[in-house]
Amino acid sequence: MHTDLRLSSTFPAWLPEAVRLYLDHTEEGLSLRALARREGCHASTVMRHVRRCESRRDDPLVDEALAAFGRSQGRGPIPARKDRSDMTAPIRPDASSSLRPASLDETTITREARRILRRLAEPQTLLAVAPDMEKAAVLRTLPDGGTARMAVVDRAVAQAFALKDWIACRKPGRIATYEITATGRAALRRIVEAEEGGRSRGLSEAVQPFAAQHRDWAEREIRDEDGPRRVRYNAAESPVAVLARRRDKDGRPFLSAELIEAAERLREDFELAQMGPRVAQNWDRFLTGADRGAFRPDAGGAEGPRQARERVAAALRDLGPGLGDMVLRCCCFLEGLEAAERRMGWSARSGKIVLRIALQRLRRHYDETYGRSRPLIG
């Protein structure tokens with residue numbers, strides 16, 4: 001058991017776990033059951049990882065990388081697959097190459113990923129590699145049919161990208177071409193968000209790269225008692241959706257399905273209200289401290305947006321100050337709970353309770369005014 005752990009630790013930390021299991025099985029001769037006991041999982045799980053890694057040996061960069069790791073263990077290269085049609089082709093670079101995948105560290109891979117994956121994410125761009133090339137090239141197809149070289153990257157780095165499933169072989173052959181995968185695009189977003197978040201948005205977002213990859217940050221200008229200001233929000237998800245995933249101390253959802261529907265109904269009307277000629281509706285008049293009596297829901301707009309503005313105005317008037325502020329900020333402006341708490345001068349973690357009370361009142365308003373018959377557009 002101690003020997004198994006020692007052998008596994010000889011691989012770099014960035015190497016995917018599936019590749020580690022494959023190398024331990026093929027290079028060190030560890031059985032699937034022994035690896036399963038070491039990892040604390042079922043043998044069938046290890047077998048799936050090993051088989052998937054073996055099936056990727058048709059990818060030239062993956063094959064080269066696995067062979068390089070085999071040489072780094074001092075047992076010679078891992079044998080090529082017997083069913084390969086290009087076994088006689090010199091697909092592997094010279095073993096005397098100074099840079100190998102085993103010598104790379106996470107910092108180098110991340111730095112190169114930011115540079116290369118960014119290029120590959122652009123349209124009409126691919127990565128090309130040939131057996132006699134020490135480096136891989138990022139090429140773009142021009143409108144006239146030609147190609148332009150956008151960047152170059154060490155072959156070992158490209159091999160690491162392939163092992164991490166950030167790029168996939170699009171066309172094998174003498175000159176193999178690769179394109180970025182969905183996993184690669186997600187990794188690029190994590191890297192960019194982590195670096196930019198550490199500089200401009202604080203440590204909390206920088207240490208949550210996997211959550212950041214699913215966010216779509218946007219800005220909206222709103223006006224309140226302090227004047228106009230820009231609010232940064234996640235357009236891919238509302239604060240209500242985040243709160244809906246939480247559960248109370250009894251294990252029940254913090255927000256019921258009826259409350260979530262009420263929030264989405266208000267947001268739908270709010271978005272419809274912006275589709276008329278007056279897209280810059282002055283909703284800040286409904287925030288605490290503003291002149292509610294001077295609000296005019298429409299000034300000659302289309303019938304659909306006008307009615308939507310009237311429904312939003314009626315809901316906010318029914319909720320009143322405080323509760324109306326909360327649903328307008330969180331459901332319509334998509335302002336986060338913490339930001340809303342700061343703007344309202346409330347204590348920390350009180351916003352979710354106020355929001356739930358506001359949604360309960362909003363749900364009652366919809367039931368008493370319109371009933372439950374009007375469905376959401378989406």
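1. A word on pairing before we start: two strands count as paired if DSSP finds at least two bridges between them. In this predicted model, strand β2 (residues 135-141) and strand β3 (residues 147-154) meet that criterion, running antiparallel with 7 bridges.

2. Lys 135 has Asp 154 of β3 as its bridge partner. The two strands form a hairpin with 5 residues between them, and Gly 145, in the turn, has a positive phi of about 95 degrees.

3. Turning to the whole chain, the secondary structure amounts to 16 helices and 7 strands. Of the 378 residues, 44% are buried. Among contacts between residues at least 6 apart in sequence, 58% link residues at least 24 apart. The accessible surface is about 19,700 Å², and carbon and sulfur atoms account for 51% of that area.

4. Confidence deserves a careful look. The chain has a mean pLDDT of 76, with 69% of its residues at 70 or more. Strand β5 (residues 176-180) has the highest confidence, at a mean of 94, whereas helix α1 (residues 2-8) has the lowest, at 41.

5. Two stretches call for caution. Residues 1-9 stay under 50 in pLDDT, and the model gives them 8 contacts beyond four places in sequence. Residues 80-97 are also below 50, with 31 contacts in the model beyond near neighbours in sequence. Where pLDDT is low, predicted coordinates should not be read in detail.

Conventions:
Residues are numbered from 1 along each chain as its sequence is written. This is a predicted model: local features need pLDDT of at least 70, side-chain atom pairs count only at pLDDT 80 or more; totals for chains, interfaces and linings use all residues. Side-chain values use heavy atoms; hydrogens and water are left out. Helices (H or I, at least four residues) and strands (E, at least two) are DSSP runs, numbered from the N terminus. pLDDT is the predictor's confidence in each residue, from 0 to 100. Contact means heavy atoms within 4.5 Å. Buried means under 20% relative accessible area, exposed over 50%, partly exposed in between (1.4 Å probe, protein chains only). Accessible areas come from the Shrake-Rupley method with a 1.4 Å probe; for residues, only the protein chains shown count as cover.
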